[in-house]
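Please look over the structure shown below, and keep it in view while you read the report that follows.

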Amino acid sequence: MDGRWLKVVVPPAPAPTTRFSLIDDVNSHHTLELYEFLVQAESVRIPAAIVQNVPSETVSTPQLVALVRDQKPIVVNTETALKSGDRIWMLLHPEDVNDVAQIFSQQSSGSFLLQNFFGEFAIRGDASLLDLAKVYGVSLEGISEGDTAAELVKQQLGKSLVVGDRARFGNLRLTIREMKGNQIEVIGLKLQNK
């Protein structure tokens with residue numbers, strides 16, 4: 001049904017303005033693409049995990065390549081506030097594009113952005129990794145009885161953790177939602193395609 005018939009205009013879903021495929025290995029299911037996003041929202045901050053730009057085989061964190069404002073490159077840190085009209089270039093796996101596009105869009109409500117970025121579900125940092133593996137069908141290989149979700153994130157990402165940092169656990173993306181000092185209190189879960 002046409003939305004105009006009801007006098008309702010549904011804005012298009014946020015999407016990148018430019019896309020280049022860099023790696024597309026069908027056999028290993030490994031794809032990496034360069035995307036440009038036009039920022040439509042004011043005062044958005046890029047999550048620290050993206051700004052820190054630490055590539056890793058086990059982490060699916062999007063990687064910032066450049067921020068361009070008024071046709072000039074801008075040095076980005078965790079305090080950089082984006083402005084409408086900025087252009088962000090990022091290296092992404094295709095399954096992360098919709099989440100990242102929502103960050104830079106003016107259309108999304110705060111709660112939708114949080115759910116999209118942090119995941120549909122939240123667990124405590126001390127949640128059992130063994131229980132998560134059983135519930136979500138992740139291989140139990142290498143998991144011990146006392147292992148926790150927070151320990152897995154720390155093991156994959158290192159010591160300087162911040163809210164927004166991401167790690168993979170089988171078909172789950174784990175994103176730090178809340179921290180108290182250096183302790184991970186809450187982790188968001190988002191189901192990913194294998």
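## Two exposed loop residues

In this predicted model, Gln71 counts as exposed, because its relative accessibility is 79% and the cut-off for exposed is over 50%. Gln71 is found in the loop between E3 and E4, and its phi is near 65°, which is a positive value in a residue other than glycine.

Asp70 has its place in the loop between strand E3 (63-69) and strand E4 (72-74). With a relative accessibility of 67%, Asp70 counts as exposed, and its phi, near 55°, is likewise a positive value in a residue other than glycine. As background, most residues other than glycine have a negative phi.

Strand E7, made of residues 166-169, and strand E8, made of residues 172-180, run antiparallel and are joined by four bridges. Within this pairing, Arg166 stands opposite Thr175 in E8. The hairpin of E7 and E8 has two residues between the strands, and in this hairpin Gly170 takes a positive phi near 60°.

E8 also pairs with strand E9, residues 183-191, in the antiparallel sense, and this pairing extends over eight bridges. Leu172 has Leu191, in E9, as its bridge partner. The hairpin of E8 and E9 has two residues between the strands, and here Gly181 takes a positive phi near 65°.

## The buried side of helix H5

Which residues of helix H5 are buried? In this helix, which spans residues 149-157, the buried residues include Ala149, Ala150, Leu152 and Val153. These four cover an arc of only 160° around the axis, and therefore they lie on the same side of H5. In general, an α-helix has 3.6 residues a turn, so residues three or four places apart point the same way.

What covers the buried residues of H5 includes strand E6 (121-124) and helix H4 (129-136), together with E7, E8 and E9. Just after H5, Gly158 takes a positive phi of about 100°.

## Ala127, a buried loop residue

Ala127 has its place in the loop between E6 and H4. Is Ala127 buried or exposed? Ala127 is buried, because its relative accessible area is 18% and the cut-off for buried is under 20%.

When its neighbours within four places in sequence are left aside, Ala127 is in contact with Asp147, Thr148 and Ala149. Ala127 and Asp147 are 20 residues apart in sequence, while their C-alpha atoms are 8.5 Å apart in space.

## Salt bridges

How many salt bridges does a search of the whole structure find? The search finds four, and among them is the one that Glu33 forms with Arg19, where the closest N and O atoms are 2.7 Å apart. Glu33 lies in strand E2 (residues 30-38) and Arg19 lies in strand E1, so this pair ties together parts that are 14 residues apart in sequence. Glu33 counts as buried, with 4% relative accessibility, whereas Arg19 is exposed, with a relative accessible area of 52%.

Arg87 forms a salt bridge with Glu36, and in this pair the closest N and O atoms are 3.5 Å apart. The pair links distant parts of the chain, since Arg87 is in strand E5 (residues 87-92) and Glu36 is in strand E2, 51 residues apart. Arg87 is partly exposed, at a relative accessible area of 31%, while Glu36 counts as buried at 8% relative accessibility. A further salt bridge is the one in which the side chains of Arg124 and Asp126 meet, at 2.7 Å from N to O. Arg124 counts as exposed at 56% relative accessibility, and Asp126 counts as partly exposed at 46%.

Phe20, Leu22 and Ile23 make a nonpolar surface patch of about 270 Å². Of these residues, Ile23 has its place in strand E1, which is made of residues 18-25.

Methods: Residues are numbered from 1 along each chain as its sequence is written. This is a predicted model: local features need pLDDT of at least 70, side-chain atom pairs count only at pLDDT 80 or more; totals for chains, interfaces and linings use all residues. Side-chain values use heavy atoms; hydrogens and water are left out. Two strands pair if DSSP finds at least two bridges between them. Patches are made of residues with over 30% relative accessible area and no salt bridge: like charges are joined within 9 Å, nonpolar side chains (Val, Leu, Ile, Met, Phe, Trp, Tyr) within 5 Å. Accessible areas come from the Shrake-Rupley method with a 1.4 Å probe; for residues, only the protein chains shown count as cover. Buried means under 20% relative accessible area, exposed over 50%, partly exposed in between (1.4 Å probe, protein chains only). The arc is that of the directions from the helix axis to the C-beta atoms. Contact means heavy atoms within 4.5 Å.
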